[in-house]
Each structure stands twice: as C-alpha cells, then as structure tokens.
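Dear colleague,

I am handing over the structure below, and my notes on it follow. Please read them beside the sequence when you have a moment.

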Amino acid sequence: MRSLWLLLGLGLLALCQVQASEEIDDLADLGDDDLSDIDENEEEYLRLLEEKAKIKDVERENEIANKLASVRHNLINPVVEVDPCETMPCGAGRICQMKDNETPECVCIPECPDELDTRRHVCTNANETWSSDCAVYQQRCWCDSGDERCTNPDNAHMHIDYLGACHEPRVCTEEDMKDFPRRMRDWLFNVMRDLAERDELTEHYMQMELEAETNHSRRWSNAAVWKWCDLDGDTDRSVSRHELFPIRAPLVSLEHCIAPFLESCDSNNDHRITLVEWGACLELDADDLIERCDEVQRSQPHLLG
C-alpha cells in the first residue's frame with residue numbers, strides 16, 4: 001500500500017514539474033512589460049496564457065488541416081509515372097526498350113522460346129516451315145534492319161501464310177480464280193452477319209450490317225469496307241501482308257485460291273493493299289468504298305489514321 005501511494009506521489013510530482021515547465025516556457029515568450037503586468041494582475045496573466053493557448057490550438061488545427069488537404073489531393077490526383085514504351089507500338093517481331101534510359105525505341109525480339117510442339121509451326125509465303133510465329137517475325141525484323149543474323153535478304157518481306165507445317169498446295173486454276181471474288185464477297189458478308197448476330201461489332205458496323213441486310217446494293221461494299229478497316233491495324237489507310245494474316249491463315253486450308261487472290265490484290269507489288277486495290281480485287285466500285293470508308297472515319301476517327 002505504501003508503494004502505491006509512493007507511485008501516485010511521484011506521478012503528481014512529475015505532472016507538476018511538466019506544468020511548471022510549460023508555464024516557464026510561456027513566461028519566457030512574454031516580454032518585460034507583460035511580466036510586470038502579471039505581478040500586478042494575476043487575472044491578466046491567466047487571460048494572456050489562455051489567449052496564447054488558443055493561438056497555438058488554431059495554429060495546430062491549421063497545420064493538421066493543411067496536411068489532410070495535401071493527402072486528399074494526392075489521393076484524388078496521384079502522381080503516376082508513365083512508361084514511354086506503353087504508348088509506343090512496335091509491331092510484330094519488335095519490342096520497345098529505353099535507349100540510354102531516356103528515349104524509347106523499337107528493337108528486334110532478342111530471343112524466341114523453344115517450341116517443341118509441332119502445332120506451333122507456321123508456314124510462310126515462301127512455303128517454308130518455321131518453328132513459331134515469333135521466329136518468323138524475329139527473322140523478318142533482323143533482315144529489315146540489316147542484322148547479321150538475317151539468313152536471307154528476301155526474308156524482310158516474309159509473312160505467315162497459314163498455321164501448321166507447310167503442305168503441298170492445291171493449284172488454283174484460272175476458272176477458280178475467275179469465280180473467287182464472288183465467293184470472297186459472300187464470305188465477308190456472312191462473317192459480318194455472324195458477328196452482328198453475336199453482337200460483336202461496334203455500333204457503326206452494326207448499322208452498316210443492318211443496311212447491308214436491307215439494301216442489297218450495299219451488301220458487298222459494306223462488308224468489304226468493314227473487313228478492310230478491321231485489318232488496317234495501324235490505321236495508315238493500307239493493309240500490309242502481315243495485317244492480312246487474320247483473313248489469310250484460316251482460309252488457306254479451305255480456299256486454295258486465297259493466297260494467289262491476295263497476291264493479285266497488290267497490283268503495284270509494294271507489299272501493301274490500298275482500299276482502291278481491295279475494291280478492284282473484289283470487283284467493287286472504288287469510289288463507293290472510299291465514301292463508305294470516309295463515313296467510318298467520321299463516325300469512329302480512332303479506327304483510321
């Protein structure tokens with residue numbers, strides 16, 4: 001019991017010492033005139049202490065409010081470091097890297113994974129089987145950039161013809177080729193209709209498909225513009241042979257004329273197909289396709305450059 005009272009006494013003594021220390025600090029902040037007033041009037045002394053305490057409380061509240069405002073601002077407007085490579089498209093066979101930690105640049109893929117599964121094999125337009133699409137794109141990049149690892153300069157224009165190992169292609173006869181534009185137009189429209197039924201088209205393309213259903217004069221042109229815009233991934237108003245892959249690869253095993261047909265579309269042999277060349281291949285009016293394409297650009301400018 002005596003020890004308990006001793007502890008309480010020591011606690012009260014420490015509290016008195018803290019209060020006394022605070023009062024001494026407050027007195028130290030006062031001037032000589034203020035001290036003389038304290039001697040004369042104890043109430044005035046207490047009033048001054050109360051005012052100083054209020055001022056300190058206000059200052060402390062303002063400091064806390066400023067800190068809270070700063071935290072709130074950082075939460076609402078966080079500082080996000082943007083990776084320059086995230087906004088720099090490099091295309092197949094290339095990746096983005098920082099040069100000297102300052103400038104983003106596209107470089108050839110340094111290495112491709114070893115593919116042991118034969119189902120990953122692809123066949124190129126040179127009728128050569130490669131282990132994977134990555135290997136094809138890497139080789140094309142090396143040849144395009146003059147890298148010493150390029151095995152054949154012609155590989156700069158190499159592209160994937162179809163998935164799987166190469167096989168002996170069927171011969172596309174002259175009669176088959178003559179009828180192919182019609183079959184191609186029908187196939188494009190049927191694919192567009194199927195996507196519309198599954199609600200997998202954008203709103204503008206849905207309207208184009210509906211127009212094609214009700215206006216047969218628009219059936220083929222609308223489908224042709226939709227697929228061409230869909231293939232033009234880099235929105236440069238022309239479709240590269242690489243960009244033709246999604247339409248070429250699945251059809252090679254079904255349509256033996258698809259490869260020579262697409263080759264014939266590139267009338268100037270610059271490895272790209274313009275909308276005019278696309279229309280000529282499908283035996284459609286080029287002016288009508290351009291008009292349709294302009295409508296797409298006005299309604300969805302992010303789709304075309």
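In these notes a residue is called buried when its relative accessible area is under 20%, exposed when that area is over 50%, and partly exposed in between, with a 1.4 Å probe and protein chains only. Please keep in mind that this is a predicted model, in which local features need pLDDT of at least 70 and side-chain atom pairs count only at pLDDT 80 or more, while totals for chains, interfaces and linings use all residues. Residues are numbered from 1 along each chain as its sequence is written, and side-chain values use heavy atoms, with hydrogens and water left out.

I begin with one serine. S221 counts as buried because its relative accessibility is 4%, and its place is in helix α7, which covers residues 219-231; helices here are DSSP runs of H or I with at least four residues, strands are runs of E with at least two, and both are numbered from the N terminus. Leaving aside residues up to four places away in sequence, S221 touches L284, D288, L289 and R292, where contact means heavy atoms within 4.5 Å.

The cysteines come next. The structure holds 8 disulfides, a disulfide being a pair of cysteine sulfur atoms within 2.5 Å, and I describe some of them here.

One of them joins C85 to C96, with an S to S distance of 2.1 Å. The torsion about this S-S bond is about -70°, so the disulfide is left-handed. The pair links distant parts of the chain, 11 residues apart, with C85 in the loop between α3 (42-76) and β1 (94-99) and C96 in strand β1. Both C85 and C96 are buried.

Another disulfide joins C112 to C134, at 2.0 Å from S to S, and with -80° about the S-S bond this link is left-handed. Here too distant parts of the chain are linked, since C112 lies in the loop between β2 (103-108) and β3 (122-124) and C134 in helix α4 (residues 133-144), 22 residues apart. C112 and C134 are both buried.

C123 and C166 also form a disulfide, with their sulfur atoms 2.0 Å apart, and with 105° about the S-S bond their link is right-handed. C123 is in strand β3, whereas C166 is in the loop between β5 (160-163) and α5 (174-197), 43 residues away. C123 is buried, because its relative accessible area is 0%, whereas C166, at 21%, is partly exposed.
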